[in-house]
Amino acid sequence: MKVIRANSAGFCWGVERAIQVAREEARGGERTVYTDGPLIHNSQMMTALGREDIREVGDYQSASQLDLPQDNEKESVVVVRAHGISPKRRKYLQNLGLPFRDGTCPDVGIIAGKIKSHAERGYDVVIFGDPEHPEVSGLLGYANERGHVITNEEDLHKLPTFNSGVVMVSQSTMFTHEFKDLSLQLSEKYPALVILDTICGATKERQSDLVELVNDGADVIVVIGGKHSANTRKLAKLAASYDKPTFHIETADDIEKETFQSFKCAGVTAGASTPEFIIRSVCEKLKTF
Ligand code: SF4
């Protein structure tokens, strides 16, 4: 079977940076690094990092109190996940009494800064995103109680009436066309709406590369990445919208020869937190089919 791999498949710069920060702090296993929730949304990579004593503590949304092991004799450090956290959570982590390092993706930091500056000037803030996603929970914390999350048109119609300025931003990994459509609808109600397209470059590139896979002749699409990874799930949804059979898998173990018998060319892409060793093993296995 022919295999075409998307150029953008694999780690984005924000994920690479977060891993680098955690590894620097771990100093080759000399220190224990505690990450508040998963550093990135890929369980295989988190397992690999665990071998360097980079340990995930806390919960998926970075909401609960951390129960840090008391019997760890090594020096320890707290590292913030790539998805970022709220200012309240930051204060909490900084008060744990351990060295603290921020692994937040700078693209998420920029969104937080925009929300903060508008909220301080009295704007209501509409965030297009998944209310359950840790990035969105963190961003909401910068909105001074003036934040509202919408995921679709239905949510848009449920928004309260705003009497001050309104700004609309997006979670970094959403669909560009959906953001455009919803922000246009909101601007019909609030003509002075400030629209800030904060979908990150890595996400946009991945979405446009997918179109190229289809144009280059892929008759089946394989999207590799964690089931919790927002950008991977979005890619799988986008691929399916091109009427191509689509498989969202985590590792090469999730694919069987029989399933691919009727296809000639597989287009392979991967989420921003999918490690290279997994992408390579999936491509190699597909080529043998
Ligand atoms: S997907 Fe975008 S926002 Fe998220 S970590 Fe990567 S570069 Fe940063």
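A residue counts as buried here at under 20% relative accessible area, as exposed at over 50%, and as partly exposed in between, with a 1.4 Å probe run over the protein chains only. Everything below comes from a predicted model, in which local features need pLDDT of at least 70, side-chain atom pairs count only at pLDDT 80 or more, and totals for chains, interfaces and linings use all residues. Residues are numbered from 1 along each chain as its sequence is written, and side-chain values use heavy atoms, with hydrogens and water left out.

Strand S8 is a handy place to start. Helices (H or I, at least four residues) and strands (E, at least two) are DSSP runs, numbered from the N terminus. S8 covers residues 166-170, and five of its five residues are buried, so the strand is largely enclosed by the rest of the structure. Val166, Met168 and Ser170 point one way from S8, while Val167 and Val169 point the other way.

Next come the partners of S8; two strands pair if DSSP finds at least two bridges between them. Strand S6 (residues 124-128) pairs with S8 in the parallel sense over five bridges, and Ile127 stands opposite Val169. Strand S9 (residues 194-195) also runs parallel to S8, over two bridges, with Val194 opposite Val167.

A cavity is a set of points on a 1 Å grid over the protein atoms alone where a 1.4 Å probe fits but cannot get out, and its lining residues have an atom within 4 Å of a point. The structure holds one cavity of 30 Å³ or more, and about 280 Å³ of space lies in the largest cavity, a volume being the space filled by probe spheres set on points joined across faces, edges and corners. Its lining has 23 residues, with Cys12, Val15, His83, Thr173 and Asn231 nearest the centre. H1, H4, helix H8 (201-215) and helix H9 (230-241) each give two or more residues to this lining, and H1 has the largest share, three residues.

The ligand sits in the largest cavity, meaning that more than half of its atoms lie within 2 Å of the grid points. Its surroundings (residues with a heavy atom within 4 Å) include Cys12, Trp13, Asp107, Ser172 and Cys200.

Methods:
On a 1 Å grid over the protein atoms alone, a cavity is a set of points where a 1.4 Å probe fits but cannot get out, and a pocket is an open set with protein on both sides within 12 Å along at least five of seven lines; lining residues have an atom within 4 Å of a point.
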